[in-house]
Amino acid sequence: MEYSANDLYQMAEQYGEEGRSAYIQARFTFDLVWPIVYLFLLLVLLSILYRVIPPKNRWRRLNLLPVGGWALDMLENAGASLTMYRYPVHTPVVAELTPIFTLLKWCLISASFAALVPGIILTIFHFARTNRG
């Protein structure tokens, strides 16, 4: 979902004080656990799949993509929470950066999932080649 700083302020207004409090609580409960789950899953899968590449090859570092996604997710959560917490006082830099963190987070998470496909293909070719005859 693409949104802007103005959208974030509108959400803060619509949620009211209780809603903003619940939003912040959700960011620091569920929204801390879920990113750790996808981080661990993608990190492990990519590490396993790309281990067939020689250790010094830079493509082997693709397993770090989910770490970037996780870090941006944490920045997004912190930015949105700070904006909600300070509302009605505006937090211009943070509110402007938060949607950018969201976009970049989804780009890296999507790239992480997309990187599974060539990893699977590489692994299949590697094992087919090493288990011939």
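My entries below cover rings, charges and a surface patch.

**Ground rules.** I am working on a predicted model, where local features need pLDDT of at least 70, side-chain atom pairs count only at pLDDT 80 or more, and totals for chains, interfaces and linings use all residues. Residues are numbered from 1 along each chain as its sequence is written, and side-chain values use heavy atoms, with hydrogens and water left out.

**Aromatic pairs.** I let rings of Phe, Tyr and Trp (its six-membered ring) pair if their centres lie within 6.5 Å, calling planes under 30 degrees apart stacked, over 60 edge-to-face and the rest tilted. By this rule I got two aromatic pairs. Tyr15 and Tyr23 count as tilted because their planes are at 40 degrees, with ring centres 5.8 Å apart. The other entry, Trp34 with Tyr38, is edge-to-face, at 6.2 Å centre to centre and 70 degrees between the planes.

I then checked cover (buried means under 20% relative accessible area, exposed over 50%, partly exposed in between; 1.4 Å probe, protein chains only). Tyr15 is partly exposed at 36%, while Tyr23 is buried at 14%. Trp34 comes out partly exposed at 44%, and Tyr38 is buried at 6%.

For location, I noted that Trp34 and Tyr38 both sit in helix H2, four residues apart, about one turn of the helix. Helices here are DSSP runs (H or I, at least four residues), numbered from the N terminus.

**Charges.** What lies over the face of Tyr23? I found Arg27 there, at 4.2 Å from the ring centre; the test wants NZ of Lys or CZ of Arg within 6 Å of the ring centre and within 35 degrees of the ring normal.

Arg27 also meets Asp31 in a salt bridge of 2.9 Å, N to O, and both residues are buried. A salt bridge means a side-chain nitrogen of Lys or Arg within 4 Å of a carboxyl oxygen of Asp or Glu. I count three salt bridges by this rule.

Lys105 bridges to Asp73 at 3.8 Å, N to O. That pair links distant parts of the chain, with Lys105 in helix H4 (residues 92-130) and Asp73 in helix H3 (residues 65-86), 32 residues apart. Lys105 also bridges to Glu76 at 2.8 Å, N to O, and Glu76 lies in helix H3, 29 residues from Lys105. I logged Asp73, Glu76 and Lys105 as a network of salt bridges.

Note on methods:
Helices (H or I, at least four residues) and strands (E, at least two) are DSSP runs, numbered from the N terminus.
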